[in-house]
Amino acid sequence: MANPNARDTKLIQYLNEAYGKEKELETALEAHIAMTTRPPYKKRLREHLKETKGHARQLKTRIRELGGKAEAGPVSSGPGPVIEAASAVTAVASKAVAAAQGPLHAIRGTGEAEKMLKNAKTEYHNEFEEIATYTGIEALAEAVNDKETAKLARGIRREEERMAKFLEKQIPQLAKAVAKEEIPAAERRNGASRSRSRRSSSSSSRSSNGSSRASSGSRSSGSRASSSRSSSASSRSRSSSSRKSGSSSRAKSSGKRSGGSRGSSSKARSK
């Protein structure tokens, strides 16, 4: 078979990246299914494992139709022996990564519910990675007028989106199960009452501070009013004193003028 052209080589590269991820997730899903005890969740994981294996088969077929070889990595063209060797290495590496994650996932979490919660979060992350991968493949295929590859990518993407929606609903349920499993009921109930108590205490403190400020303001206002009244009284007193002083001065002046007048009259009569 002739080597693929530039168009098909790029498509094969992207399809092989998706194929490698699907094969990796097969191993991860098998490990998660073994750890899952919630029947609805376990059932959906089993269904998705079947879908994942189906995706890998579909991708492998399309890669061959384009003249490539399905492999768990980006190597897609070159001399036959090189492709085979690279495929073997990448496939083993991909499986090793997935296999190593299984035992690690089995020991993470402080309890059964939390272990499932962490697995669900990992699965949710993987679904969106795959959605992005297939969105890119679909767009690339449409750009180079490969309707068959675009249709394949669109169909797989929709299945990944359905699984992501399931996990989105499952994660809150698992988080609540963690709370029920690991936090005593009294603490779960009292959490709300303590929160209300803190809010009430805070409100009371603010009210007390407001009253204190109001009282302080009132005293300050009273002090200012008293000072103002005292100042006003002092001013009136100084004004009254000033008027009295003025009256006394006028009286003295009038007396002097009267005395002078009488003296002149007496001198006139003596002459």
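**Figure 1. Surroundings of lysine 21.** Not counting residues up to four places away in sequence, lysine 21 touches Asn126, Glu129 and Glu130, where contact means heavy atoms within 4.5 Å. The view is taken from a predicted model, in which local features need pLDDT of at least 70, side-chain atom pairs count only at pLDDT 80 or more, and totals for chains, interfaces and linings use all residues. Residues are numbered from 1 along each chain as its sequence is written, and side-chain values use heavy atoms, with hydrogens and water left out. Lysine 21 belongs to helix α1; helices are DSSP runs of H or I with at least four residues, strands are runs of E with at least two, and both are numbered from the N terminus. Lysine 21 counts as buried because its relative accessibility is 14%. The classes are buried under 20% relative accessible area, exposed over 50% and partly exposed in between, with a 1.4 Å probe and protein chains only.

**Figure 2. Packing of helix α1 against helix α2.** Two packed helices are described by the angle between their axes and the distance between the axes. Helix α1 (residues 6–35) and helix α2 (residues 39–65) have axes that come within 9 Å and cross at roughly 155°. Axes are lines fitted to C-alpha atoms, for helices over the stretch in contact, and angles run from 0 to 180 degrees between N-to-C directions. The crossing angle therefore makes α1 roughly antiparallel to α2; angles under 35 degrees count as roughly parallel, over 145 as roughly antiparallel, 65 to 115 as roughly perpendicular and the rest as oblique. In the contact of α1 with α2, 13 residues are nonpolar, five are polar and nine are charged. Here Ala, Val, Leu, Ile, Met, Phe, Trp, Tyr, Cys and Pro count as nonpolar, Asp, Glu, Lys and Arg as charged, and the others, Gly among them, as polar.

**Figure 3. The largest nonpolar core.** This core has 17 residues, of which Leu15, Tyr19, Leu59, Ile63, Tyr134 and Ile137 touch the most other members. A nonpolar core is a set of buried Ala, Val, Leu, Ile, Met, Phe, Trp, Tyr and Cys residues joined through side-chain atoms within 4.5 Å.

**Figure 4. Packing of helix α2 against helix α5.** The axes of α2 and α5 lie 11 Å apart, and the helices pack at an angle of about 160°. The two helices are therefore roughly antiparallel to each other. Among the contact residues are Tyr41, Leu45, His48 and Leu59 of α2, together with Leu152, Ile156, Met163 and Phe166 of α5. The contact of α2 with α5 divides into 10 nonpolar, five polar and seven charged residues.

**Figure 5. Asparagine 145 in the loop between α4 and α5.** Asparagine 145 is placed in this loop and, although not a glycine, has a positive phi of about 60°. Most residues other than glycine have a negative phi. With a relative accessible area of 57%, asparagine 145 is exposed.

**Figure 6. The chain as a whole.** The secondary structure comprises six helices and zero strands. Of the 271 residues of the chain, 30% count as buried.
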